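Dear colleague,

My notes on what was found in it follow.

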Amino acid sequence: MVRFDRLNLKDAHAARRYGTFDIIFCRNVMIYFDDAMKSHCASVFNNQLAADGTLFIGHSETLRHVSAQFAPLPLAESFAYTPVPTPAARSSFSEPRHV
């Protein structure tokens, strides 16, 4: 029921092949990116995360200045976020179509 895999965060279209995620762990990755790339990653995460999904990031990271697409969750000793629904973002990256 769990799948671990690698994903190139620059490739938003590659993420669609995996469908919708219930949970994303992206810890201590975005600290190495500039604000534009952090914003891009947040957009990819928002597009692929289920409406009730959770994004976990590292303790030295924040989405505060790069994305309004996530709301923090009140989980003790964690940096967890849930997506803020945006109809335009949800429709542009839907479930992959099987041909």
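**Helix 2 and the sheet**

Helix 2 lies across strand 1, strand 2, strand 3 and strand 4, and runs at about 140° to strand 2. Please bear in mind that this is a predicted model.

The four strands make up an open sheet in the order 1-2-4-3, and their pairing is mixed. Strand 1 and strand 3 (70-72) stand at the edges; each has a single partner strand, so one side of each is left without a neighbour in the sheet. From one strand to the next, the twist averages 25°. Strand 2 pairs with strand 4 (residues 80-83) in the antiparallel sense, over two bridges. Leu55 stands opposite Tyr81 of strand 4.

**Aromatic pairs**

Searching the whole structure gives two aromatic pairs. In one of them, Phe25 and Phe56 are stacked, at 5.1 Å centre to centre and with 15° between the planes. This pair links distant parts of the chain, since Phe25 belongs to strand 1 and Phe56 to strand 2 (residues 49-57), 31 residues apart. Phe25 counts as exposed because its relative accessibility is 58%, whereas Phe56, at 18%, counts as buried.

**Asn28**

The loop between strand 1 (21-26) and helix 2 (35-48) contains Asn28. Most residues other than glycine have a negative phi. Asn28, however, has a positive phi, near 60°. With a relative accessibility of 34%, Asn28 counts as partly exposed.

With kind regards

Methods:
Residues numbered from 1 in each chain as written. Predicted model: local features only at pLDDT ≥ 70, side-chain atom pairs only at ≥ 80, totals over all residues. Heavy atoms only, no water. Buried < 20%, exposed > 50% of the residue type's maximum accessible area, 1.4 Å probe, protein only. Phe/Tyr/Trp six-rings, centres within 6.5 Å; stacked < 30°, edge-to-face > 60°. Pairing = 2+ DSSP bridges. Axes fitted to C-alpha atoms, helices over the stretch in contact; angles between N-to-C directions. Contact = heavy atoms within 4.5 Å.
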